[in-house]
Structures are given as structure tokens and as C-alpha cells.
Amino acid sequence: MTTLVIIPAFNEARAIGQVIGDIPDDVADEVVVVNNASTDETEDNARAAGATVLTEERQGYGYACLRGIEYAKARQPDIVVFLDGDYSDHPEEMTRLVEPIVNDDADFVVGSRIRGETEPGALLPQAQIGNRLACTLMRWVWGAEYTDLGPFRAIRFRDLRALDMQDKTFGWTIEMQIKAVEAGLRTEEVPVSYRRRVGVSKITGTIQGTVKASAKILWTIGRMAFTRRRRIPTLRARVEQGRNDLHTGPRFR
């Protein structure tokens, strides 16, 4: 199975080379860094480390991920892995996320920092509270058994396309997790390690970033809760279509 890694990156020049260098060669067939309007040497350093570099000038985590997905459509990998560019995740643990999909035990795998080993101070209190609240709400509304909104995650590409991701900013990760449950994907969490990031977080590292992210995540949960009944049949039909068309040509246009 082929695996393409997508790394959204905004001003991660100090860390991006380490992130790329620690990705196992026997797991990733291609590493794609989406330079999200960086003003430092992120692009140059990513290219020097051997990554394919794309540009997305519209700032936003979701914008960068969507740009990576557009590129992946030409490559048609079996699996897509999402990974942050700040070196807080441990790229060498990528096998943990990919293996359940390769073994056909799961379609979508989230790396849980809560279940893994987290370096003291790496997951800030506001992030822990936000994670707990979001996961509790997803359990109440969707029956989802998530413990984390971890950015380190892997998914079958055909199913990722079926989810029809839309969010452009902070709601990206939770939209994917909610839609995966609604679409009937086999979801799994695996423990992953987490350390202090290189540099300051653009989200939980500032009061403004924390407030914006929290508001967007809660708004996303509320919006999706009210619209889930009409969305579920469409998502499940798209997943089924993708599986039926796997060997017969393009899945979605």
C-alpha cells in the first residue's frame, strides 16, 4: 500500500527538517509539505530535506490540508497521513498509525496523545480542557469513543475523499473525526508520544489563538450536530461508492 504524508506548515523553518528526517522511509512513499504563507525559510528547509513543497497562501490549517488533498488526487495513494510540522509529534511512530489500515483492521486511525506518553508541558492545560470537552460532546452526540483531537492521523485516501472535508481553519480535525463516525468508517485510536514543540504554538500558545480555536471547535460541533441526520446517508453512500469503484476508475470528481 502506498502512503503519502501531508504536513501543513506555517513558519516551521527550525523544525521541519527534523520532522521530515524522522519519517520512516519504509512507511512513507512521498512527503508533502504545504507551506501555508510562511515568512521564514520553511519552504527552503523542507525542500532541502527531500519533501515535495506546495504553496497555500490562504492562512488556515484546513486550507493547507485541502491543498495537500488536491495534490494527492493526482498521486492516488492508498493511505494519507497528516502530521504537524513543529516536531511535537514523533514521526518515527508513524507505523503505529498506518499498520491497522494495512492490516485491514481500520479505515481511520487517530494518534492519541492522551493514551500515549506526553512530555510535561507539551500539552498545555487549555488544550487538555478543550480536548476533554470536545471528546465528551462527540461521545454524547455521536457515540464516538475518542480521547483526543490529535493532529497525527492516518486514513484511507478513498475514504478521505468520501468525507468531503470543508473546514478551512481550526475545525478541520474535529470535522474529520465526526464525519468518520457518521460515514461508518472503522475508527481506531493508538497511543502516540508528544513533546514540547519547537517554537511557540500559533493556537494554544496565545490567548487569542486559544479563544479562536475553542470557539470554532464548539461551533463546528454544534453545526454538525444539527445537520447530521441529512448528512449521514450522503456520507455513507459516498464511502460505498468509493469502495465499489476502487478498481474501475476515478472515485469522486
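Trainee: What should the 18 residues of helix α5 span, and how far apart are its end C-alpha atoms?
Mentor: Keep in mind that this is a predicted model. At 1.5 Å a residue, helix α5, which covers residues 125-142, should span 26 Å, and its end C-alpha atoms are 25 Å apart, so the two values agree.

Trainee: And which residues in α5 are buried?
Mentor: The buried residues of α5 are Ala127, Asn131, Ala134, Cys135, Thr136, Leu137, Met138 and Trp142.

Trainee: What follows α5?
Mentor: Gly143 comes after α5, and the phi of Gly143 is positive, near 70°.

Trainee: Switching topic, where is Lys216, and is Lys216 buried or exposed?
Mentor: Lys216 lies in helix α8, which runs over residues 207-244. With a relative accessible area of 19%, Lys216 falls under the 20% cut-off, and therefore counts as buried.

Trainee: What does Lys216 touch, leaving out residues up to four places away in sequence?
Mentor: On that basis, Lys216 touches Asp167, Thr169, Phe170 and Gly171. As for Thr169, which is 47 residues from Lys216 along the chain, the C-alpha atoms of the two are separated by 8.3 Å.

Trainee: Last one: where does Thr3 sit, and is Thr3 buried or exposed?
Mentor: Thr3 belongs to strand β1, residues 3-9, and Thr3 is buried, with a relative accessible area of 3%.

Trainee: Which residues is Thr3 in contact with, its neighbours within four places in sequence aside?
Mentor: Setting those neighbours aside, Thr3 is in contact with Val27, Ala28, Asp29 and Glu30, as well as with Ile79, Val81 and Val98.

Terms used
Residues are numbered from 1 along each chain as its sequence is written. This is a predicted model: local features need pLDDT of at least 70, side-chain atom pairs count only at pLDDT 80 or more; totals for chains, interfaces and linings use all residues. Side-chain values use heavy atoms; hydrogens and water are left out. Helices (H or I, at least four residues) and strands (E, at least two) are DSSP runs, numbered from the N terminus. Buried means under 20% relative accessible area, exposed over 50%, partly exposed in between (1.4 Å probe, protein chains only). Contact means heavy atoms within 4.5 Å. The expected span of a helix is 1.5 Å times one less than its number of residues.
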